[in-house]
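I opened my notebook to record what I looked up in this structure.

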Amino acid sequence: MALAFDEYGRPFIILREQESKSRLRGLDAQKANISAGVAVARILRTSLGPKGMDKMLQSPDGDITITNDGATILEQMDVDNQIGKLMVELSRSQDYEIGDGTTGVVVMAGALLEQAERLLERGIHPIRVAEGYEIASKIAVDHLQQISHKFEFTATHIEPLVQTCMTTLSSKIVNRCKRSLAEIAVKAVMAVADLERKDVNLDLIKVEGKVGGKLEDTELIYGILVDKDMSHPQMPKQIEDAKIAILTCPFEPPKPKTKHKVDIDTVEKFQTLRQQEQKYFDDMVQQCKDVGATLVICQWGFDDEANHLLMHRNLPAVRWVGGVELELIAIATGGRIVPRFQELTPEKLGKAGLVREKAFGTTKDRMLYIEHCANSRAVTVFIRGGNKMMIEETKRSIHDALCVARNLIRNNSIVYGGGAAEISCSIAVEAAADKYPGVEQYAVRAFADALDSVPMALAENSGLQPIETLSAVKSQQIKENNPCCGIDCNDAGTTDMREQNVFETLIGKQQQLLLATQVVKMILKIDDVISPTEY
Amino acid sequence: MAVERLFKDEATEEKGERARMASFVGAMAIADLVKTTLGPKGMDKILQSTGRGHSVTVTNDGATILKSLHIDNPAAKVLIDISKVQDDEVGDGTTSVVVLAGELLREAEKLVGSKIHPMTVISGYRMAAECARSALLDRVMDNKDDADKFRLDLMRIAMTTLSSKILSQDKEHFAKLAVDAVMRLKGSTNLESIQIIKKAGGSLKDSFLDEGFILDKKIGLGQPKRIENANILVANTAMDTDKVKIYGARVRVDSMSKVAQIEGAEKEKMREKVQKIIGHGINCFVNRQLIYNFPEELFADAGILAIEHADFDGIERLALVTGGEIASTFDNPESVKLGHCKLIEEIMIGEDRLIHFSGVEMGQACTIVLRGASFHVLDEAERSLHDALCVLSQTVNDSRVLLGGGWPEMVMAKAVDELARKTPGKKSHAIEAFSRALLAIPTTIADNAGLDSAELIAQLRAEHHKEESNAGIDVITGSVGDMAELGISEAFKVKQAVLLSATEAAEMILRVDEIITCAPRRREDRM
């Protein structure tokens with residue numbers, strides 16, 4: 001064990017306080033790790049696919065989240081196990097990189113681990129298993145590239161994009177109006193996309209939610225929505241052809257950063273100071289007015305006096321607007337963010353066709369719409385829904401759909417969903433397995449089996465006979481040499497995913513396989529787990 | 001080899017059947033809790049807060065009851081949330097939405113128990129909800145063009161809403177109050193301009209609507225108690241010590257005489273400010289902030305009525321009523337818009353003195369003075385009136401009206417039943433269940449009124465089998481009656497919101513197959 005003796009027979013401390021640590025080595029360690037990973041995957045397995053179920057998560061503060069999004073579930077799950085945390089990381093990196101398929105990647109990793117356990121029991125060295133997986137994943141990724149289709153879309157012909165987004169949304173609770181949401185997501189992405197460079201800056205899309213109304217009322221606003229109202233209750237609620245001054249300085253007397261004191265020791269000084277103060281407010285408002293601004297949006301607060309002066313001079317203003325929103329407003333209206341009143345010039349003003357305030361419901365919730373902007377590159381998706389959890393879940397779903405649309409603009413290759421891509425890869429890997437001499441062959445074959453588990457889970461969640469359905473589809477794929485056959489989750493009567501219009505992005509799928517393989521490799525390489533025991 | 005610990009300590013996980021059971025039980029418990037408050041003969045609940053003083057609230061309002069509950073069950077929290085949203089969005093139907101969601105889940109439990117997949121139930125529910133909504137749409141009445149009829153509709157809606165509340169004894173009186181108040185808003189849903197003042201004493205019947213504006217403040221000493229043709233300046237400015245706002249300024253003096261000088265200058269400054277204010281040609285000055293004795297005296301000298309410390313809402317309302325603007329600087333009196341009113345006077349309600357502004361320019365805002373025997377009664381009366389006002393203001397915008405007394409539920413149930421017969425597959429069970437859940441609402445109303453619900457519902461169904469029936473439950477006589485004749489109406493918007501959010505919530509809870517509860521955050525014991 002961790003106790004050694006030097007040449008004089010004295011014990012040698014390798015591990016401090018050995019007794020208080022529990023230690024797992026060799027096969028035991030690997031098995032423990034694998035079972036932890038599989039346990040995490042098992043939680044997510046039932047969330048896969050259009051008929052997947054949701055999970056209800058209660059946070060330490062008692063707030064409820066109901067979701068179907070793998071990354072969100074794992075993030076809020078409070079996992080303590082180290083391997084469990086690795087799986088959480090896995091799903092998170094898929095979320096960062098692709099945005100969709102966060103459940104699938106964990107299920108895939110779980111299946112790979114399950115298969116690895118069997119191989120380990122047969123006495124195959126974990127590294128050999130890992131290498132076999134590596135080979136197999138390469139085959140699968142190449143195969144995906146082969147069976148992928150490119151489809152053309154233009155700014156006006158967005159149907160294929162909408163179809164793909166619908167596939168993503170169909171597994172969420174919002175699938176009731178997936179069509180309209182998918183259209184919103186695609187239009188939003190197209191509005192901000194740079195089709196030349198094939199790049200989309202998702203930061204330009206703001207997703208705002210407000211409880212109340214119904215899901216169908218969700219809309220796309222070509223402009224910005226700010227959850228603020230006018231600083232003075234009597235300012236006009238609607239401004240046409242607004243010229244917007246975007247300020248990051250408060251309407252307050254200056255506060256120099258160097259320490260200073262103004263000493264008042266005579267009556268004259270007191271009076272001059274007072275006049276200066278008044279003049280200061282007056283100047284600030286006048287400066288805004290002089291450059292021709294008809295709306296002031298400010299990051300900071302206003303003094304009461306300044307507020308009244310603004311109102312008095314008929315200059316509507318909005319205060320306490322967050323930094324991110326300010327930037328978006330600047331982008332949308334083509335204005336510049338001005339840090340000092342002295343630097344205000346007419347060129348730095350943003351322009352918007354219509355700014356209006358809208359009230360919701362019976363409470364005094366108001367929001368500010370800034371529409372018809374000079375540069376409509378910034379858009380807002382405004383979500384309505386019956387309750388708070390619904391809004392949150394819709395936000396997550398929209399985020400997924402936006403990511404998918406973005407990925408398609410970057411790379412317009414798609415593969416077929418509903419497990420079709422996995423089954424096709426599994427067949428290809430299985431066929432390639434025999435070519436490898438040596439132990440790796442088994443690992444490659446195991447990889448093929450693991451690939452099957454995704455369509456299997458889909459079938460299971462849809463209430464179909466998993467083995468029966470999978471074997472039927474598989475044989476159909478081989479017989480017809482058609483990589484579009486998948487699991488018919490929606491009971492539509494056909495297994496051809498082309499007809500059902502179920503698409504997924506190629507990069508999303510490839511990334512799933514690569515990430516899952518990497519994490520599994522990492523887990524398999526661990527042969528010693530040292531952890532402090534409980535006390 | 002099983003994993004011993006995947007989650008942190010105290011985090012729990014419930015799966016599959018158990019998770020579903022937990023959420024069904026929680027949701028149904030909440031629904032049963034508020035069930036007895038439904039309908040005109042529903043009962044009230046007493047809520048005792050755990051805070052200091054153990055203050056007591058007596059209420060019948062679903063949202064208020066649910067808001068005050070401490071719930072640990074996640075599914076129950078979903079129901080509380082929908083009730084809250086219903087309150088914010090349409091104001092009424094907060095109990096119905098919870099009862100309907102609870103009934104939907106109760107039916108779903110039976111279906112899931114007989115091995116129908118929750119997803120199938122959900123898709124059935126969705127179809128049914130859509131069908132129910134279109135059935136309602138078919139039968140709505142819209143009297144927007146006919147002002148008299150529309151007003152009658154509003155009266156009826158207000159009376160129906162109020163009949164389940166504490167105000168039911170004087171519902172006609174209050175319905176009239178509410179309708180008058182809402183009609184003054186002219187289509188705006190901004191209920192802030194309707195002020196509700198509660199004064200204990202007298203009876204509920206003594207409550208009245210005042211066309212002017214009542215400010216719950218006293219007039220300064222030695223100032224006129226009655227002003228005719230008042231010019232009012234509404235302000236938000238410091239009238240105590242006007243601080244120098246320039247950062248870092250401070251007074252440093254080296255002798256007592258200088259202190260006196262500065263003090264004099266300060267006083268002079270205030271006097272100037274007061275002079276400027278007086279220079280506006282006003283005879284009433286209302287400030288949001290405090291007015292110190294010194295300026296108050298100056299105002300009194302000039303014969304100006306000065307009112308201090310009117311809260312922000314009061315100021316906004318006053319500005320709205322009198323048509324003035326809220327001022328904070330007073331340098332150019334010619335361009336500040338002053339408010340006007342015919343008469344300002346001090347009035348007495350019960351024991352308290354209030355300031356009454358009448359004959360105002362803009363008639364949008366108004367005040368409702370509630371009188372009642374105790375604070376509990378007044379609080380509940382305010383909540384009931386608030387519900388009625390919310391519903392009415394929403395109805396002014398969306399003037400579609402339905403009949404009440406369980407009529408909409410019967411119409412929906414009939415349409416949904418027909419859909420169930422036409423739909424092949426397992427979904428039809430779910431659709432049938434939806435119609436049963438809808439019937440639960442009239443059943444509960446009848447049960448709460450101590451009537452024979454089974455008999456009544458059966459009769460209603462038979463009535464509704466005929467085309468274009470107006471039958472509903474007449475709780476007063478305990479029989480089936482014609483709702484159009486009895487004048488019981490409800491707003492379409494409320495019913496639609498109840499239907500949609502209840503279905504949405506039920507769907508959400510049904511989709512869950514696993515509940516993971518994190519360890520509660522440790523709070524330091526501050527005992």
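**Salt bridges overall.** I counted salt bridges over all chains and got 51 by the rule. The rule asks for a side-chain nitrogen of Lys or Arg within 4 Å of a carboxyl oxygen of Asp or Glu. Side chains of opposite charge can pair when their charged atoms come close.

**Ground rules.** I noted that this is a predicted model, where local features need pLDDT of at least 70 and side-chain atom pairs count only at pLDDT 80 or more, while totals for chains, interfaces and linings use all residues. Residues are numbered from 1 along each chain as its sequence is written, chains are lettered from A and ligands numbered from 1 in the order in which they are written, and side-chain values use heavy atoms, with hydrogens and water left out.

**A pair in chain A.** I looked up Glu371(A) and found its side chain in a salt bridge with Arg356(A), at 3.0 Å from N to O. Glu371(A) sits in strand β16 (residues 365-373) and Arg356(A) in strand β15 (residues 350-360), so the pair ties together parts 15 residues apart in sequence. I took helices (H or I, at least four residues) and strands (E, at least two) as DSSP runs, numbered from the N terminus. Are these two residues buried or partly exposed? Glu371(A) is buried at 15% relative accessibility, and Arg356(A) is partly exposed at 23%. Buried means under 20% relative accessible area, exposed over 50%, and partly exposed in between (1.4 Å probe, protein chains only).

**Pairs in chain B.** Next I checked Arg436(B), whose side chain meets that of Glu107(B) in a salt bridge of 3.0 Å, N to O. Arg436(B) belongs to helix α13 (residues 427-448) and Glu107(B) to helix α4 (residues 94-113), so this pair ties together parts 329 residues apart in sequence. Arg436(B) is partly exposed at 38%. Glu107(B) is buried at 5%.

I also found a salt bridge between Lys466(B) and Glu463(B), with the closest N and O atoms 3.3 Å apart. Lys466(B) is partly exposed at 49%, and Glu463(B) is partly exposed at 29%. Then I noted a network: Asp32(B), Lys35(B), Glu103(B) and Arg106(B) are joined by salt bridges that share partners.

**Where the chains meet.** How many residues of chain B are in contact with chain A? I found 84, and they contact 80 residues of chain A. Contact means heavy atoms within 4.5 Å. The area buried between the chains is about 7,600 Å², with 55% from carbon and sulfur atoms. That is the accessible area (1.4 Å probe) that two parts lose on being put together, summed over both.

Two salt bridges cross this interface by the rule. Arg511(B) and Asp54(A) meet in a salt bridge through their side chains, at 3.1 Å from N to O. On the side of chain B that touches chain A, helix α3 (residues 74-89) gives the largest share, 10 residues.

I looked at strands too. Strand β4 (residues 54-58) of chain A pairs with strand β20 (residues 512-517) of chain B in the parallel sense, over five bridges. Two strands pair if DSSP finds at least two bridges between them. Leu57(A) has Ile516(B) as its bridge partner in β20(B).

**One last residue.** I ended on Gln30(A), in helix α1 (residues 26-45) of chain A. Gln30(A) is buried, with a relative accessible area of 6%.
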